[in-house]
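Q: Could we go through this structure together and learn how to read its features?
A: Gladly; let us look at it first.

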Amino acid sequence: MKKSNQALIIFARKPELGKAKTRLAATVGNKKALEIYFRLLTHTKLITENLPCDKYVFLTHEQDDNFWNGFNAEIQKDETLGEKMQHAFSLLFKKGYENVLIIGTDCPGITTEIVADGFKKLKTQDVVIGPAEDGGYYLLGMNKLQTDLFKDISWSSERVRQQTIDKLKKQNLTHSLLPTLNDVDEEKDVPQGWL
């Protein structure tokens, strides 16, 4: 049920052995990769649960536990990451939200304050981006559906953020950047003390 004009999308997958953080698992093993992923999920849940917005977790498939209790649950649709994100944004704008942000569950440095700042920036900017150190982004927000941002992007490459910014400039859309943070994809990205 819609309680706010702001919505947060969280893209998450079920923490299953052998299916979570596969690039990380290649060097640390499936069990350790799953532990780290669960830690990332828990961090994401903790920093978002008290935000003054409606929260939607978009899962890869139905979950049979109550980890995301208190969050609205949806299933990711379509094939590519861009199509999945466009579907999620489209769904929430159709529900009447004015500002929508999306985050994943790979960013140990993300905080409640950073996400709140993302919503704040959308009051004066068309788009907000949380840059990741690998050239992608850990957060994307908009106050109107911008479908072009999900097309012809080299997903999972170091060019994602620059391609996104180039599209914004081409369309004369304003944007603001949040602090640059690190995503956990490989062993070198894991925070000290987590391994």
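Q: What percentage of the residues in the protein is buried?
A: Buried means under 20% relative accessible area, exposed over 50% and partly exposed in between, with a 1.4 Å probe and protein chains only. Here, buried residues make up 47% of the 195 residues. One caution: this is a predicted model, where local features need pLDDT of at least 70, side-chain atom pairs count only at pLDDT 80 or more, and totals for chains, interfaces and linings use all residues. Residues are numbered from 1 along each chain as its sequence is written, and side-chain values use heavy atoms, leaving out hydrogens and water.

Q: How many helices and strands are there in the protein?
A: Helices (H or I, at least four residues) and strands (E, at least two) are DSSP runs, numbered from the N terminus. The protein has 5 helices and 7 strands, in the order β-α-α-β-β-α-β-α-β-β-α-β.

Q: Which residues of helix α4 are buried?
A: An α-helix has 3.6 residues a turn, so residues three or four places apart point the same way. In α4 (residues 112–121), the buried ones are I114, V115, G118 and F119. They fall within an arc of 145 degrees seen down the axis, so they line one face of the helix; the arc is that of the directions from the helix axis to the C-beta atoms. On the other side, E113 and K120 are exposed.

Q: Which elements do the buried residues of α4 pack against?
A: Contact means heavy atoms within 4.5 Å. These residues pack against α2 (30–48) and the strands β1 (6–12), β4 (99–103), β5 (127–131) and β6 (137–142).
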